[in-house]
Every structure is written in structure tokens, then in C-alpha cells.
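Visitor: I am new to protein structures. Could you show me how to read one, feature by feature?

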Amino acid sequence: MKGHTAVEATLRSFTRALSRALISEEVAGRRGLLQALDPRARLIGILTLVVAVAASRRIEVVGVLFVMACALALLSRVPLKTLVLRVWLIVLGFTGMIAIPALFTTPGRVVMSNGFLSITAQGVLTAGLLVLRVETAVTLTTTLVLCTPWTHILKALRSLRVPTEVIAMLAMTHRYIFLFIEVAQQMFESRQSRVIGTLPAGEQRRVLARTAGVLMSKSIDLSNEVFLAMQSRGFLGEVHLLHDFEFRFRDGVGVAAFVACAVVAIWAGR
Amino acid sequence: MHIPDGYLSPSTCATLYACSVGGWYTALKRVKRVFFSRAIPLISVFAAFSFVLMMFNLPLPGGTTGHAVGIAIATIVLGPSGSILAISIALAIQALFFGDGGITTLGANCFNMAIVGSLVAHVCYKALAASGDRNPKRQIIAAAIAGYVAINASALFTAIEFGIQPLLFHDAMGTPLYAPYSLKIAVPAMMIGHLTLAGIAEAAITAGMVAFLQKSNPGLLLDKGMGVAAAGQAALGERSLRGLWIATALLMVLTPLGILATGTAWGEWSAAELSGSGGMAQVVPSGLQRLASFWTAPFPRYAPSFIKSEPFGYALSGMFGVGLLFVVYLLFARRKGAQTGRER
């Protein structure tokens with residue numbers, strides 16, 4: 001089975017994507033703080049907070065925003081395990097690895113030294129700020145994505161004046177991603193079920209390239225079919241979306257609270 | 001290469017969003033003219049394909065695996081405008097739905113991968129394969145090179161964006177506020193991985209897919225892809241060029257507005273400005289002083305000496321510049337026309 005690692009890794013990434021989508025649908029259906037707000041209020045609010053996180057230059061302010069982001073996620077009934085495994089550990093691993101050399105390379109006051117390598121106070125601040133900022137931003141965006149069905153995010157984006165053509169493309173792409181994941185998964189599984197022993201790396205590359213080629217041919221054929229179906233329903237290039245959201249008083253309060261927090265954070269973190 | 005939120009300053013993000021919006025607007029306009037109402041399903045389905053392609057783990061030399069982005073294959077099949085949109089949509093879904101790449105940095109990611117990558121792949125593939133005898137082997141090699149160069153160009157832009165952060169955004173003590181490494185660290189750190197692993201993955205998947213499509217669906221490589229893009233180019237015809245000419249003429253008329261701004265760019269016009277009252281250097285470096293007088297421009301400071309009126313001189317310089325570029329374009333077009341005639 002050693003020779004199948006690339007194909008197996010690909011299959012695992014498909015399964016991971018599908019399971020993420022399932023978790024998202026499950027969390028979005030729960031009754032929580034963010035779910036109680038209109039999707040437009042959620043989108044505007046979270047985006048404003050993400051901008052505030054990016055604009056804040058003080059680690060204490062970003063730290064407060066991180067605590068707020070965690071509270072928001074937990075009050076929106078995002079499972080702690082999902083936050084830890086999907087956000088905190090991944091960000092810590094990836095950004096932490098990038099930030100570690102900054103501890104030693106940033107010039108400044110030496111706080112720890114073993115004679116060969118020195119950690120500076122400025123280095124600790126730089127690395128800490130980077131990791132904390134990324135943790136906070138990703139916690140906020142993951143909370144938004146987990147608490148809001150994709151169709152609602154798209155409708156909310158439309159309210160931010162994103163062109164209807166782009167919204168239609170995002171919606172269709174999202175729908176066909178899952179179809180193609182399933183098709184590719186079936187192609188790999190059927191291929192794997194016919195292989196005995198290990199495939200050399202070169203052959204694995206050829207299998208993957210062939211599968212990608214077949215998938216692309218299927219994509220183009222599918223786009224023709226979708227286009228014909230759209231035409232049969234009277235599509236002439238104009239996209240119309242239904243707007244059935246209701247912006248209530250509490251949504252206004254929610255947006256005002258998010259914006260106020262963001263403004264205070266930007267002011268305090270300048 | 002997907003930059004998460006927090007690595008780039010808000011002003012860098014805003015600038016790259018502005019650049020990307022320009023790219024998206026132009027691409028959407030061109031694609032809609034070429035494919036008409038077919039654009040939406042074609043781009044959407046191809047974006048979904050690109051997304052899934054990014055999940056394909058390819059075995060690489062040294063026992064590791066890497067994944068392709070699919071920039072070059074999207075460019076070869078859809079043309080650069082279609083590729084810009086398809087890759088951007090795939091990146092947007094990755095950021096908004098899967099949390100891969102940031103929301104504030106989405107503009108930067110789209111600029112680096114979708115816009116720079118697609119344009120570089122288009123130029124490479126067109127230069128190496130689309131002209132001449134359409135030899136199948138040459139097409140495969142061209143596709144591999146286009147993929148390799150495109151992903152590395154995207155990585156280089158990403159590295160430059162990282163590398164300028166500590167130069168531009170630091171506190172009073174000099175502590176970096178965003179990505180902490182300077183260009184001399186960020187560029188090699190990004191490029192080593194892309195020149196070796198990611199570049200090979202992109203080249204291998206692009207070449208493999210082109211080889212497969214040559215046998216199974218050659219129409220995708222000729223008629224619908226570059227063919228459609230080329231046909232679309234012809235269909236765009238004078239209408240798009242007319243708009244461009246009107247915009248250029250308008251900008252030329254408005255050039256004297258540049259004089260309204262007070263002051264000049266520091267050190268841009270003469271070496272003496274460096275050591276002047278606003279200058280930071282006490283003494284102008286000898287090398288700079290020596291080379292400063294090496295070339296004297298015919299219209300220094302956009303003010304030809306024979307024109308008395310400053311605004312008129314400024315506008316005239318603009319017209320001269322555009323005219324010069326037009327002459328260069330005509331010379332190239334003439335040369336290209338003669339070459340095409342010989343090939344026929």
C-alpha cells in the first residue's frame with residue numbers, strides 16, 4: 001500500500017472537505033448568538049472585526065479581540081473541539097513555524113541567550129502579534145462560515161453590491177465542487193480497486209494527470225449541459241436573486257455593536 | 001501560497017484588492033463578450049474543477065507530495081480572462097467556505113495566483129506553443145514551462161508582498177507589525193519551495209493533462225481554449241480599442257492636473273535633492289553623483305525647454321510619450337504581420 005500514498009492522500013483530502021461541509025451545515029442549524037442575526041448583519045459585523053484585527057498594531061488589543069472572537073464562537077455554539085482542531089492548532093502549526101525565526105532575527109533587546117542564539121523582546125512581540133492576529137482573524141471567519149449557510153453568505157454578499165454574475169458563479173461553483181469531489185473520488189476508488197501491489201511514483205503521476213484530464217473533459221461537458229438547461233429555462237445572461245431577508249431591530253443593534261467594537265479596537269490599537 | 005488574514009497590512013490588502021478589482025472587471029467584460037451567456041456555467045464549472053484539482057496530491061522527487069493550482073491548464077483551455085475568473089472564484093470559495101486564505105487578503109491571493117499567474121502562463125504558452133507548427137511535444141513542454149513559470153511568478157509576487165511589510169509597517173522601535181521578514185529572507189524562503197517542489201507539481205500536472213487532452217479531447221486545446229480567446233479577441237475588434245483610445249486621449253488632456261500637486265517625488269529629479277533641506281543624506285554618494293549626469297533627457301521634468309506654458313508642455317510630453325509607444329506598437333505589429341505572411 002506504500003505506493004498508493006499520493007492517491008490515498010488525495011482521497012483523504014476529498015473526505016475532509018466533505019466532512020467540513022457537513023459540520024458547517026450542522027452548526028448553522030443550531031440556535032446561537034450569531035445564528036440569531038440576519039446574515040447581512042453577521043457578514044458586515046465579522047468583516048468589520050477582521051479589518052479591525054488587521055489594523056490593530058498593539059498585541060493587547062488583538063488579545064482582547066481574540067477573547068471576544070472565542071466568546072462569540074462559543075456563544076454561537078461552535079464546538080470547542082472544532083475550534084481547537086480546525087483553527088487554533090492548524091494556525092499555530094503553520095503561522096507559528098513561520099513566526100519562530102522572527103524571535104531570533106528581529107533586532108532588539110536580548111531577553112534570552114545561550115551564547116549562540118538570542119531571543120529579543122522585539123522578536124517575541126513580532127512573532128506573538130503575528131500568531132495572535134492570524135488566530136483571531138481565522139477564529140472570526142471560521143465562526144461566520146460555520147454559523148451561516150453558504151446560500152445565505154451569497155445573498156448577504158449581494159447586499160454588499162457584489163455583482164449578480166459573480167454571486168451566480170460562486171453559487172454554481174460551490175454546488176459543482178461537491179459533485180466533482182464525488183466523481184473524482186469514485187474514479188480514484190475504481191482505479192485503486194484494480195491495482196495489485198505498489199505503483200511507482202511516475203505511474204502515480206500519470207494516473208493523477210489522466211484523472212484530472214478526464215475530470216476536466218467531464219467539467220466542460222457538464223458546463224454545456226448546464227448551459228442548455230439554463231437556456232431551456234429562459235436564461236439570457238441576466239441573473240436574478242430572491243431577497244427574502246428581514247433586517248430587524250436586533251440586527252441593527254448587532255451591527256452597531258460589531259462596528260463599535262471594531263472602531264474602539266482600531267482607535268486603541270493605532 | 002494562500003496568504004491568511006493578518007500577514008499583510010490593511011493598506012497592502014486594499015491596494016491589492018483595487019488591483020484585483022481592475023483585473024476582474026476587465027476579465028469579466030472580455031469573457032462576457034466572447035462567451036456571452038455561456039460565461040457563467042463555463043467559468044463556474046471550471047472553477048469547481050480548479051478547486052478539486054488543488055486537492056490532487058502529486059508524488060514528487062524526494063518522497064514528498066505537492067499540489068497544483070491549475071493556473072496554466074485553466075489559461076490554456078479558457079484563455080487568460082476565463083482563467084482569471086475561474087481561479088479567483090475557486091480562491092474565493094476556499095477563503096469564504098473552507099477558511100483557506102484570508103478574507104482581507106483575498107484580493108492579494110487573487111492578484112498573485114489568478115491575475116499574475118494566468119497572464120504569465122498565457123504569455124509563456126503563447127510564446128512557446130501557440131505560434132508555429134503546433135507540434136504536440138512542443139505543446140506539452142510549453143505547458144509544463146508555462147505552469148512552472150506561472151506558479152513561480154505568483155510565489156515571487158507573494159514573497160515581495162511579504163518582504164515589503166517590515167520596511168513599510170513597523171512601530172517606533174522598528175518592530176515589524178505584519179509579516180516580519182525582509183525581502184532578502186522572504187524571497188528565498190518562498191522561492192526555494194516553489195522552484196523545487198510546487199513548480200514541479202504544477203509543471204507535471206499541466207504537462208500530463210495537455211498530453212491526455214491531445215489524445216482524448218484535442219478540441220479543448222485548440223478550438224475552445226486559445227481558439228475561443230483568439231476568436232474573441234477578433235470579435236472584440238475596434239469597439240474595445242475605441243474605448244481604450246478615448247480613455248487614453250482623456251488621460252492625456254487631463255495630464256496638466258499633475259502640476260497641481262505641490263512638491264516632487266523625493267530624489268526623483270536630481271541627485272542634489274537628496275542632500276537638500278528635505279533630504280536625509282548629508283552627502284550624495286559619489287557613485288550616484290557620477291551616474292546622475294550620465295544621461296540627460298530631452299524633456300526633463302516633462303517640461304520641454306522650447307515650450308513656455310507649463311501645462312501645455314506637460315500635456316505635450318504626455319502626447320509624445322503615447323505617440324512613441326504607438327510607433328513602437330506599429331513597428332512590432334508590422335513585423336508580426338510580415339512574419340505571419342511568410343508562415344502562410
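Guide: First, the ground rules. This is a predicted model, where local features need pLDDT of at least 70, side-chain atom pairs count only at pLDDT 80 or more, and totals for chains, interfaces and linings use all residues. Residues are numbered from 1 along each chain as its sequence is written, while chains are lettered from A and ligands numbered from 1 in the order in which they are written.

Visitor: How many helices and strands are there in chain A?

Guide: Start with the definition. Helices (H or I, at least four residues) and strands (E, at least two) are DSSP runs, numbered from the N terminus. Chain A has 9 helices and 2 strands. From the N terminus on, its elements run α-α-α-α-β-β-α-α-α-α-α. Chain B also holds 9 helices and 2 strands. Its pattern along the sequence is α-α-β-β-α-α-α-α-α-α-α.

Visitor: How do the two strands of chain A pair?

Guide: Two strands pair if DSSP finds at least two bridges between them. Here β1(A) (residues 110-113) and β2(A) (residues 118-120) are antiparallel, with 3 bridges. Val110(A) stands opposite Thr120(A). The hairpin has 4 residues between the strands, and Gly115(A) takes a positive phi near 90° there.

Visitor: Which residue has a positive phi although it is not a glycine?

Guide: The general idea comes first. Most residues other than glycine have a negative phi. Now the case: Arg77(A) has a positive phi of about 60° and is not a glycine. Arg77(A) sits in the loop between α3 (59-75) and α4 (80-105) of chain A. Another example is Arg161(A), which follows α6(A) and has a positive phi near 70°.

Visitor: Is Arg77(A) buried, exposed or partly exposed?

Guide: Count neighbours. A residue is buried if 20 or more other C-beta atoms lie within 10 Å of its own, exposed if 12 or fewer, and partly exposed in between, with C-beta atoms placed from the backbone. Arg77(A) counts as partly exposed because it has 16 C-beta neighbours inside 10 Å. In chain A, 40% of the 270 residues are buried. In chain B, 44% of the 344 residues are buried.

Visitor: What span should helix α8 of chain A have?

Guide: The expected span of a helix is 1.5 Å times one less than its number of residues. Helix α8(A) (residues 201-232) has 32 residues, so it should span 46 Å. Its end C-alpha atoms are 46 Å apart, which agrees. Just after α8(A), Gly234(A) takes a positive phi of about 95°.

Visitor: What radius of gyration does chain A have?

Guide: The radius of gyration is taken over C-alpha atoms, and the globule rule is 2.2 Å times the number of residues to the power 0.38. A compact globule of 270 residues would be near 18 Å, but chain A has 23 Å. Its C-alpha atoms fill a box of roughly 60 × 60 × 30 Å along the principal axes.

Visitor: Which residues touch the most other members of the largest nonpolar core?

Guide: In soluble globular proteins, nonpolar side chains tend to be buried together. A nonpolar core is a set of buried Ala, Val, Leu, Ile, Met, Phe, Trp, Tyr and Cys residues joined through C-beta atoms within 7 Å. The largest core here has 162 residues, and Ile43(B), Ala86(B), Ile89(B), Ala146(B) and Ala150(B) touch the most other members. Helix α3(B) gives the most to this core, with 19 residues. Leaving aside residues up to four places away in sequence, Ile43(B) touches partners including Met169(A), Val31(B) and Gly82(B).

Visitor: Is Leu177(B) buried or exposed?

Guide: Leu177(B) lies in the loop between α5 (136-168) and α6 of chain B. Leu177(B) is buried, because 22 other C-beta atoms are within 10 Å. Beyond its neighbours within four places in sequence, its contacts include Arg57(A), Leu129(A) and Phe169(B).

Notes: Contact = placed C-beta atoms within 7 Å.
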